[in-house]
Amino acid sequence: MHDLKLRLRRTGAIVPVLAALGLISSAPALAEAGPRQMEVLNRGVVAVPAANGVLVSWRLLGNDADKTSFNVYRDGKKITSKPINATNFADTKGTAISVYKVAAVTAGKESAVSADASVWAAGYLSIPLNKPADGTTPDGQTYSYTANDAAVGDLDGDGRYEIILKWDPTNAKDNSQGGYTGNVLIDAYTLDGKQFWRIDLGRNIRAGAHYTQFQVADYDGDGKAEIIMKTADGSKDAQGKVIGDANANWVEDGGEVAQGDRTGSVVASDGRLMAQYKGRILKGPEYLSVFEGATGRVLDTVDFANT
């Protein structure tokens, strides 16, 4: 990750996070940070049905001039009598089959016209997902998967956001609870529903709200977002490369310990509150890995800094 860290020092894109983890020194990074790094996104035109026609909206980009205005086109014809100083337009003559474009106007000159935007008939965009297969825990309990946390980022540099989605098994646990969980999976999809890849965090990353958080950003400034998250022995990138020891199994298969908190505990015959070890991961290495957004390939891995 050394090359990546050097570039991060210049951009300051993730300085607070890496500094908190002890991977870089925050003071030099902040001192050397230059102009703010920005995503290179397209106009992002969206059209949805409205009470009287169609509502069209779009992005005001960070590098648009202060007095930028816009022309709106329907089916190839301009429908604004003059450029408007807004990022939405109510088209009372729009229909479900209308197609829209938007062009920025600066100093009286029109710039490149946006891509076509068809009307979202349902008022929202539905993205098909590739649900993972059901699984079975070591003690014979079956589980399935539900879509969980998600983030957005431009993974391939085309100016459109992709969706990065975490799949949690239905037996995910709070960290106060014992019990086995299925593997946590991370997918990437285009807004059209094309699946880019799937990362399998493996059996040594427990499933639950407190265990897997991930960040998506263009950390190295190449115009394509990366993904950073905690990994462990047996985590597998989207190309099939295993991180750490593929054969390591750090999952506890039994045992218990007395605890004072009743949350997640089991009451023993003598009345003591017992925390169950089964399914927990109490030892073994943890890592911080960077994945390439376009391919899901692991770029580098370092030891996870526990502070």
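A107 sits in the loop between β6 and β7. A word on those labels: helices (H or I, at least four residues) and strands (E, at least two) are DSSP runs, numbered from the N terminus. Before going on, note that this is a predicted model, where local features need pLDDT of at least 70, side-chain atom pairs count only at pLDDT 80 or more, and totals for chains, interfaces and linings use all residues. Residues are numbered from 1 along each chain as its sequence is written, and side-chain values use heavy atoms, with hydrogens and water left out.

Back to A107. Its phi is near 55 degrees, a positive value in a residue other than glycine. Most residues other than glycine have a negative phi. Is A107 buried or exposed? A107 is exposed, because its relative accessible area is 78%. The cut-offs are these: buried is under 20% relative accessible area, exposed is over 50%, and partly exposed is in between (1.4 Å probe, protein chains only).

D75 also has a positive phi, of about 50 degrees, and is not a glycine. D75 is in the loop between β3 (69–74) and β4 (77–78). At 47% relative accessible area, D75 is partly exposed.

Now the chain as a whole. It has three helices and 21 strands. Of its 307 residues, 37% count as buried. Take contacts with a separation of 6 or more: residues 24 or more positions apart account for 55% of them. Contact here means heavy atoms within 4.5 Å.

How much space lies in the largest one? About 570 Å³. Its lining has 23 residues, and the closest to the centre are N42, G44, V45, D116 and R160. Elements giving two or more residues to that lining are β6 (99–106), β7 (109–113) and β8 (117–118). β7 gives the largest share, three residues. Domain 1 (46–118) and domain 2 (135–247 + 288–303) each supply at least three lining residues. Those domain bounds come from an automatic or database domain assignment. By class, the lining has twelve nonpolar, six polar and five charged residues.

Now D91, in strand β5 (residues 88–91). D91 is buried, because its relative accessible area is 3%. Its side chain makes a polar contact of 2.7 Å with the side chain of R74. A polar contact is a pair of N or O atoms within 3.5 Å; within protein, one must be able to donate a hydrogen and the other to accept it, and residues adjacent in sequence count only if both atoms are side-chain atoms. A polar atom of the D91 side chain also lies 3.2 Å from the backbone nitrogen of K93. Leaving aside neighbours within four places in sequence, D91 contacts N52, G53, V54, R74, I79 and Y100.

N171 is in the loop between β12 (162–169) and β13 (185–189). N171 is buried, at 12% relative accessible area. A polar atom of its side chain lies 3.5 Å from the backbone oxygen of Y180. Not counting residues up to four places away in sequence, N171 touches T137, Y143, Y180, T181 and G182.

Last, D245, in the loop between β16 (226–232) and β17 (256–258). D245 is partly exposed, at 38%. Its side chain reaches the backbone nitrogen of N247 at 2.9 Å. Beyond four places in sequence, D245 touches D233 and G234.

Note on methods. 1 Å grid on protein atoms, 1.4 Å probe; cavity = no way out; pocket = protein on both sides within 12 Å on 5 of 7 lines; lining within 4 Å. Points joined across faces, edges and corners; volume = space filled by probe spheres on them. Nonpolar A, V, L, I, M, F, W, Y, C, P; charged D, E, K, R; others polar.
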